[in-house]
2 protein chains.
Amino acid sequence: MTAPGTTRAGAGDTRAEATAVSDQRFDAVVVGAGSGGLTVAFGLARTGKRVAVVEADAVGGDCTNVGCIPSKTLLAASRALAERGLRAGDPGWADAARTVLAFVRAKRDALREREDHEVAVEPNLTLVRGRARLLAADRVAVATAGDGAAERVLVAPIVVLATGARAVTIPLPGLDADVATTNATLFDLVDPPRHLAVIGGGAIGAEMATAFARLGSRVTLVEAAPQLLPAAPAAAAELVSAGLRARGVAVHVGAKAVRYERDGGMLHLETDGDAVAVAGVDRVLVAVGRRPNVDGLGLEALGVRVGRGGIATDRAHRTSVRGLYAIGDATERAKFTHAANAQGRRLVRHLTAPWLPLVPEGDYPAATFTEPEVAQVGPSLAALQARYGADLVVTHRVDLAALDRGYVEGHDAGFVEAHAMRLTGRVLAATVVGPHAAELIQLLVWLQRRRGSLWQLSRHVVAYPALSEGLKKVADAFVFATLPKLPRELGAYLRHRWRRR
Amino acid sequence: MTAPGTTRAGAGDTRAEATAVSDQRFDAVVVGAGSGGLTVAFGLARTGKRVAVVEADAVGGDCTNVGCIPSKTLLAASRALAERGLRAGDPGWADAARTVLAFVRAKRDALREREDHEVAVEPNLTLVRGRARLLAADRVAVATAGDGAAERVLVAPIVVLATGARAVTIPLPGLDADVATTNATLFDLVDPPRHLAVIGGGAIGAEMATAFARLGSRVTLVEAAPQLLPAAPAAAAELVSAGLRARGVAVHVGAKAVRYERDGGMLHLETDGDAVAVAGVDRVLVAVGRRPNVDGLGLEALGVRVGRGGIATDRAHRTSVRGLYAIGDATERAKFTHAANAQGRRLVRHLTAPWLPLVPEGDYPAATFTEPEVAQVGPSLAALQARYGADLVVTHRVDLAALDRGYVEGHDAGFVEAHAMRLTGRVLAATVVGPHAAELIQLLVWLQRRRGSLWQLSRHVVAYPALSEGLKKVADAFVFATLPKLPRELGAYLRHRWRRR
């Protein structure tokens with residue numbers, strides 16, 4: 001590895017001679033200054049490596065600029081507005097809603113400035129503005145936008161791709177750019193739409209439908225799958241759907257948007273062969289998925305393997321080309337800010353201490369900040385049954401209303417559910433729906449990622465009365481169901497495990 | 001052990017002959033139908049044992065009737081009232097506050113009825129109403145209140161004392177029964193006091209000051225120790241104090257109530273030698289501590305060892321007398337509903353499967369539902385330093401405001417703090433202050449009770465953006481502080497561990 005500050009422009013190598021002037025050598029080049037890229041860049045820089053990080057857009061990536069930060073600020077601020085009881089049409093409402101949207105931008109901008117500053121003052125870290133293209137596994141050309149002629153070449157033995165992803169757009173006839181928006185432009189709205197149609201009922205769509213309904217927009221939510229949050233259990237999706245409807249959101253599942261007419265703001269849907277027309281739609285948020293940013297990077301020419309879901313990587317985050325790594329949304333393996341961050345940490349550890357064993361990456365948890373909140377970890381029940389056989393997977397569920405804390409606070413929706421291995425009680429997957437579900441699920445995430453069991457969880461002690469008791473009650477339900485028929489369970493476990501092998 | 005339904009009245013034993021008619025034989029007698037007692041009674045009954053549970057007062061014990069259930073219902077309902085923006089003196093306020101207090105009683109009564117019903121329908125479980133007195137380790141006399149002549153004698157090879165605790169009263173000159181209240185009578189108030197003085201700034205005092213301030217009462221909180229929540233870290237107590245003051249509560253720490261004058265409702269305090277008079281106090285809540293219910297049980301005659309904090313027990317919950325067990329608030333070892341419950345579960349496991357190893361009981365977590373909430377597990381820093389030496393205990397703390405979720409939601413108070421063993425990172429104690437702290441702390445409780453480490457915690461993945469990230473950041477802080485100077489840390493650890501031995 002090149003020592004910091006030295007160059008290797010060799011004598012007699014004319015190509016090297018020719019580029020020596022414009023080439024800049026680093027210990028590592030990170031392409032993309034989002035959540036994953038910054039984790040790697042700071043991590044390596046703090047171990048003394050000279051790191052260049054290349055970014056064409058804003059530092060902080062989607063999360064800071066057009067993702068989690070503005071969306072969660074909007075969710076928090078719109079909830080505060082709704083709790084004040086202000087409704088669309090009330091005196092003061094329009095100003096209040098506009099203030100919320102301006103507040104979201106102010107918070108985003110302040111964080112962006114802080115991150116810009118942190119990058120600027122970090123020793124060993126150089127921010128290179130422009131669009132990156134790989135010339136070789138160890139050579140990255142950076143074209144400065146607006147000035148195609150100026151191109152810098154960064155050379156490093158380690159190159160990390162952390163280019164992220166962006167919203168998929170759909171060709172909806174009649175939908176023009178002034179009406180359509182994605183998460184990339186949504187937070188630039190000065191006023192809430194009168195009637196927002198959200199196409200896509202995944203996490204982003206369901207959260208933004210929640211937020212704009214609180215801001216007083218009429219909201220129509222359209223999802224092609226038979227349920228909202230297609231990756232969540234049906235019972236969770238049902239509660240989210242009920243929560244949205246209680247806020248006045250019109251929820252259409254199994255529905256496809258087919259056409260938009262500017263005249264009258266007509267959004268035409270097709271659902272089960274029927275045609276439905278929604279009138280007065282003045283803004284359409286397209287949130288039907290995200291695709292990895294892999295174009296224009298020169299991956300094909302280098303022979304980097306790219307799958308349908310993104311850049312293919314192994315568990316050390318290596319691409320198919322030696323010296324070239326990839327993490328985060330750009331890869332097949334991670335689709336969350338916290339996953340990009342976790343992969344960044346893994347990669348730093350692996351690059352700085354390659355002798356440490358590489359622990360399995362494990363499943364990443366997910367949280368959706370709707371009303372109620374939904375948090376999950378692990379595969380779906382169907383996927384677990386396909387993997388282990390239906391006879392080996394047991395499910396236990398406790399409603400929050402059955403807990404003492406649920407009783408005193410009057411929670412009538414929400415639950416804790418765990419899928420576990422028969423007999424051993426190993427936690428395979430879990431879902432929590434309810435207030436602060438993303439916090440409540442932590443212990444189940446811990447157990448799922450570390451192959452812990454419900455036997456262990458049943459010995460946990462929860463300070464009374466907390467909703468976390470629900471986790472323990474799920475474990476108790478497993479213990480009470482298993483303990484009295486232990487010999488039978490053991491027999492069934494061995495029989496079905498055997499059959500699988 | 002006597003088989004269910006059989007008696008052992010032996011021939012030729014005149015004493016046995018004489019009592020055979022009135023004696024009732026069971027497999028176990030549980031004295032006290034509170035949280036701990038019911039856990040044992042149901043647990044044993046469900047394994048097929050015939051169990052008698054003796055209760056002089058209401059089923060459900062303090063928790064259901066005069067403790068957690070009404071207090072947490074009051075906290076939730078009063079928060080909802082405060083969020084509606086209703087203040088004392090507003091039109092509709094008096095009715096709303098009265099409705100809240102009636103709602104608390106209705107919830108309590110409904111739960112009490114449910115628990116009465118659950119006890120009544122449980123096979124193998126017999127509720128015996130009356131006051132219990134031990135005749136021998138296996139004989140319990142039950143006197144029915146109001147009819148001293150009627151006494152039943154229950155005989156069982158296992159007797160479990162779960163008699164709980166009650167509020168300590170203080171002899172405050174001038175304070176009559178119609179002004180004084182404890183948690184036992186507080187929830188019978190039909191209207192909130194105009195000015196409530198709370199004597200005792202522990203968990204109960206601080207929570208009830210919070211609730212009644214939300215209901216519109218003027219509240220004065222008096223604590224003799226130099227801080228509220230004397231068992232919590234000073235930084236946590238400071239935030240609770242600030243939260244109460246922001247609600248208008250007058251907080252006096254290092255202050256002692258010395259006298260009450262009915263005329264003008266004057267409560268006289270002494271603080272640092274100065275005299276302070278608080279006027280207009282129409283109700284005084286005494287919440288200065290709880291004492292175990294051990295009187296009148298006949299413990300002394302049997303030679304049962306009772307310490308200052310309650311009945312002495314070993315880790316199998318045995319008293320000093322064979323066949324006699326004790327759990328919960330009546331003992332020296334547990335002062336929480338969840339501790340009584342956990343001990344009850346341990347005892348059931350131990351009695352039904354005595355061959356299973358007895359795992360250490362561990363520390364019990366605690367939660368105080370003030371604004372902000374405070375959750376803790378493990379000894380104080382001072383106690384840890386006394387046990388391990390100051391050089392072996394490291395502390396790391398992260399403010400919620402420094403987290404992304406804290407940033408977007410604008411949390412300006414609250415933190416996560418952990419005390420850990422130097423080098424190994426073993427979690428020794430932790431405190432969380434902030435919204436839903438009692439939920440957030442779970443993973444730290446888990447680690448503390450299982451001797452887990454901050455090294456492990458730093459590999460946890462938290463779905464972004466949740467406040468639980470604070471736990472991980474505390475672990476990261478430890479790792480970043482330890483990793484770069486590992487050899488020095490190892491040396492220091494060995495040196496100080498060695499010295500201790």
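In the predicted model, strand β3 (residues 51–55) of chain A is mostly covered, with five of its five residues buried. The side chains of this strand divide between two directions: Val51(A), Val53(A) and Glu55(A) point one way from β3(A), whereas Ala52(A) and Val54(A) point the other way, and all are buried. Strand β3(A) is paired with strand β2 (residues 28–31) of chain A in the parallel sense, over four bridges. Within this pairing, Val53(A) of β3(A) has Val30(A) standing opposite.

An antiparallel arrangement is found elsewhere in chain A. Three strands form an open sheet in the order β14-β15-β16 (chain A), with antiparallel pairing. The edge strands of this sheet are β14 (255–261) and β16 (274–278) of chain A, each of which pairs on one side only. From one strand to the next, the twist averages 25°. Strand β15 (residues 266–271) of chain A is joined to β16(A) by five bridges, the two strands running antiparallel. In β16(A), Val278(A) is the bridge partner of Leu267(A).

Strand β15 of chain A also contains Thr271(A). With 14 other C-beta atoms within 10 Å, Thr271(A) is classed as partly exposed, a residue being buried if 20 or more such atoms lie within that distance and exposed if 12 or fewer do. When residues up to four places away in sequence are not counted, Thr271(A) touches His252(A), Gly254(A), Ala255(A) and Val276(A). The C-alpha atoms of Thr271(A) and Val66(A) are separated by 31 Å, the two residues being 205 residues apart along the chain.

Two helices of chain B were examined for burial. Helix α16 (residues 469–482) of chain B has 14 residues and reaches 20 Å from its first C-alpha to its last, close to the 20 Å expected at 1.5 Å a residue. Buried residues in α16(B) are Glu469(B), Gly470(B), Leu471(B), Lys472(B), Lys473(B), Val474(B), Ala475(B), Phe478(B) and Thr482(B). Helix α14(B) is largely enclosed by the rest of the structure, because eight of its eight residues are buried. The buried residues of α14(B) include Leu443(B), Leu444(B), Val445(B), Trp446(B) and Leu447(B), together with Gln442(B), Gln448(B) and Arg449(B). Just after α14(B), Arg451(B) takes a positive phi of about 55°.

The contact between the chains takes 38 residues from chain A and 38 residues from chain B. On the side of chain B that touches chain A, two or more residues are given by each of α4 (68–83), α5 (93–121), α10 (337–352), β22 (366–368), α12 (404–409), α13 (437–440) and α14 (442–449) of chain B. Helix α4(B) provides the largest share of this side, six residues. By class, the side of chain B that touches chain A has 24 nonpolar, seven polar and seven charged residues.

Two copies of a chain are related by a rotation about an axis and a shift along it.

Technical notes: Residues are numbered from 1 along each chain as its sequence is written. Chains are lettered from A and ligands numbered from 1 in the order in which they are written. This is a predicted model: local features need pLDDT of at least 70, side-chain atom pairs count only at pLDDT 80 or more; totals for chains, interfaces and linings use all residues. Two residues are in contact if their C-beta atoms, placed from the backbone, lie within 7 Å. Ala, Val, Leu, Ile, Met, Phe, Trp, Tyr, Cys and Pro count as nonpolar, Asp, Glu, Lys and Arg as charged, and the others, Gly among them, as polar. Two strands pair if DSSP finds at least two bridges between them. Axes are lines fitted to C-alpha atoms, for helices over the stretch in contact, and angles run from 0 to 180 degrees between N-to-C directions. The expected span of a helix is 1.5 Å times one less than its number of residues.
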